[in-house]
Amino acid sequence: MEMNIALLPGDGIGPEVINQAVKVVKAIGERFGHQITFTEAIVGATAIDQVGNPYPDATHNICLQSDAVLFGAIGDPKYDNDPKAKVRPEQGLLEMRRKLGLFCNVRPTFTFPSLLHKSPLKQERIEGTDLVFLRELTGGIYFGEPRGRNEQGTKAFDTNIYSVEEIERLARMGFEFAQKRRKLLTCVDKANVMATSRLWRETVQRLAPEYPDVTVEYEFVDAVAMRLIQWPKAYDVLITENLFGDILTDEASVITGSMGLMPSASLGLTTKLFEPIHGSYPQAAGKDIANPLATVLSAAMMFEYAFGLMDEANAISDAVNLSLEEGVVTEDISDGGKSYKTSEIGDWLVKQIQKKKSILM
Ligand code: IPM
Ligand code: MN
């Protein structure tokens, strides 16, 4: 297959972790006989520095013309402590999501047997967790208007707003995901308080009869926040609005034991995007110590969701699992034992992928 991939390394550790994913994707291309072309583009603080815009049109056009986008991270501390900054790197991320129509953010949470002890949660509670959040990504309070301050600057407001269409397209994705999995869908909302949440619940209830094989549960977000870490195995597919999804997926990453392992996919109206859920981790930038596995696993999701190539996706996750089992890991998960550099992990994964090739041939 021919694949054109847009590479958006972004800020902080973004470029380093994206480099490892590129090595792995190239190795997969060679092993499975795909023609893969990469086109790099700027985004985030890097793009503000170069052209004054965190998501320039040139970058958007490259994304639109590509078959998939591999994205690193966005964010720079010089903006975090300056609430008055006019342009912020995060605006680039939000613009990218909006312009590419990426309304469905797929964030899986699963455990790795060799890392169970890394989670602060009791092993028996998390072992075998396999859930996926579908977070609405282009609506809600992240984008709602009006937003801002009153004239005196003494009051601030944001607007949470959802249309039936926005809820329905995300909910249908949820039902379809559930049909392919354990057939349990949880609608996470705050319908006891919020009008938007009541529209979510009403819409999901209206759709449910169309998916008779899926069991639907409705749960308030505060209760989910609690049950998610008490008994994560109770969940299969969870659908929720933008802000709740942002918060709960960070919480869910604790189950895995490391943010450095969580990949994600954003699906919608145009080119699909794949990114690790960790941020730009500026303290580690340029040191070759960041964990590249979330980005590498995001590349696995790319083969699955953008190209429908399961063998390629599995070859990557198998290599990642082996690296974890054999302790070929970065310092964040090495427990004080031997640790490897970011680039060494990438090279090691490539070797595993190549090895399999020689066994097959
Ligand atoms: C995420 C991030 C972003 C978000 C930030 C960086 C704007 O936290 O992808 O979860 O809030 O969506
Ligand atoms: Mn977040």
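1. P146 first: P146 sits in the loop that runs between strand 5 (130-136) and strand 6 (148-149). Helices here (H or I, at least four residues) and strands (E, at least two) are DSSP runs numbered from the N terminus. Bear in mind that this is a predicted model, where local features need pLDDT of at least 70, side-chain atom pairs count only at pLDDT 80 or more, and totals for chains, interfaces and linings use all residues. Residues are numbered from 1 along each chain as its sequence is written, while chains are lettered from A and ligands numbered from 1 in the order in which they are written.

2. Next, the backbone at K183. K183 is not a glycine, yet its phi is positive, about 65°. You'll find K183 in the loop between helix 7 (164-180) and strand 8 (184-189). K183 is partly exposed, since 16 other C-beta atoms lie within 10 Å. For the record, buried means 20 or more other C-beta atoms within 10 Å of a residue's own, exposed means 12 or fewer, and partly exposed is in between, with C-beta atoms placed from the backbone.

3. D335 is another one to look at. D335 has a positive phi near 55°, again in a residue other than glycine. With 13 C-beta neighbours inside 10 Å, D335 counts as partly exposed.

4. Which residues of helix 5 (residues 89-99) are buried? They are P89, G92, L93, M96 and R97. Looking down the axis of helix 5, these fall within an arc of 130°, so they line one face of the helix; the arc is taken over the directions from the helix axis to the C-beta atoms. Their cover includes helix 2 (45-51), helix 4 (77-80) and strand 11 (263-267). After helix 5 comes G101, with a positive phi near 65°.

5. Around strand 1 (residues 2-10), the pairing with strand 2 (residues 35-40) is parallel, with 6 bridges, and M3 has I36 of strand 2 as its bridge partner. Strand 1 also pairs in the parallel sense with strand 3 (residues 68-73), over 5 bridges; there I5 stands opposite A68. Strand 1, helix 1 (residues 14-32) and strand 2 form a right-handed β-α-β unit, meaning that with the strands pointing away from the viewer, the path from the first strand over the helix to the second runs clockwise.

6. Further along, strand 8 and strand 10 (residues 237-240) are joined in parallel by 4 bridges, with C187 opposite I239. Contact means C-beta atoms, placed from the backbone, within 7 Å; axes are lines fitted to C-alpha atoms, for helices over the stretch in contact, and angles run from 0 to 180 degrees between N-to-C directions.

How values were computed
Two residues are in contact if their C-beta atoms, placed from the backbone, lie within 7 Å. Two strands pair if DSSP finds at least two bridges between them.
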